[in-house]
Amino acid sequence: MAARWTPSPGTVRRAALAAMVMTVVIVVTGGAVRLTGSGLGCPTWPKCTEDSLTSTREMGLHGAIEFGNRMLTYVLSAAVGWAIIAARSAKPRRRALTRLGWVQFWVVMGNAVLGGIVVLVGLNPYTVAAHFLLSTALLAVATVMWQRAKEGDEPPRPLVGRPLRQLVQVMVAVTALLIAVGTVVTGAGPHAGDSSDVPRMPVDWEVVSRLHAVLAWVVVALVFALWFVLKAVDAPPGPLARTRELFAILLLQGLIGYVQYLTDLPEILVGLHMLGSCLVWIGVLRLLLSLRERPYAAPGQVPARPETPVAAAH
């Protein structure tokens, strides 16, 4: 197929974006399965019941919701497959981009198996947390592929000095910890995913929630400080724009988080908070990737060595 078809750069970018969007969709719909108490709507795996591959009328709405979420895995797989085909068919061939697509494919397959294990062990909260964290890793790879689809394959050239890059790397690490602690909040909280006696993590839910809030404020403070430093060193517009976007997303996510905490975790707000978690993760990764550029190489040009950061003198 790659020998017969050459997609435009825009097609490659749209294919990578579709894979990223579908990853967000499956995370949010997975949350809907949990919030509607449909986690065991299909009580076994890989079939929905011992005798049926699909949900049956007798299983009601919960069975339809759980089976529908399983079917979305195929849609996600198709989106990732399209991204792989588009990247592989690009001219000149973009091996790094194709590898990112294949990483997504194998993470999707691994998470599908882990999702089955979640059902087989009766929604054990630790396996549920691992299932979400693996989806977060998938979203990271999808975001990187989308960004790389908009760039060339030249070696990256830093746009800011090392201290700023290190600050953003710390921000990424704290955000990852924030998301991980969020899975503990969910694992200890009231939304078990099913009306049956589902085990919960043996920790104080409110204490972990406060830790989650503290980490969120740390990320907000880091973003706020970064914006002032970027303005002071007259940084390029890309990092500044990504910083403003992330700050806005964090404020909205924090508002949703506090409202849901004060209103006893209504399902719709918890679902929006899960969507916000995806957007925060995408935002912080886009900020990290905006700190360097990767130009397109001219035909026949030998890839250049990384240059001195534009803002390093500051």
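Student: How far apart are the mean positions of the positive and negative charges of the protein?

Tutor: This is a predicted model, where local features need pLDDT of at least 70, side-chain atom pairs count only at pLDDT 80 or more, and totals for chains, interfaces and linings use all residues. Residues are numbered from 1 along each chain as its sequence is written, and side-chain values use heavy atoms, leaving out hydrogens and water. Lys and Arg count as positive and Asp and Glu as negative, without His and the chain ends; each charge is placed at NZ of Lys, CZ of Arg, CG of Asp or CD of Glu. For the 27 positive and 17 negative charges, the mean positions are separated by 15 Å.

Student: Which pattern does the protein follow along the sequence?

Tutor: Helices (H or I, at least four residues) and strands (E, at least two) are DSSP runs, numbered from the N terminus. The protein has eight helices and two strands. Read in order, they give α-α-α-α-β-α-α-α-α-β.

Student: Is D234 buried or exposed?

Tutor: D234 lies in the loop between helix 6 (205–232) and helix 7 (237–262). Buried means under 20% relative accessible area, exposed over 50%, and partly exposed in between (1.4 Å probe, protein chains only). The relative accessibility of D234 is 67%, so D234 is exposed.

Student: What share of contacts between residues at least 6 apart in sequence join residues at least 24 apart?

Tutor: A contact means heavy atoms within 4.5 Å. Among the contacts in the protein between residues at least 6 apart in sequence, the share joining residues at least 24 apart is 79%.
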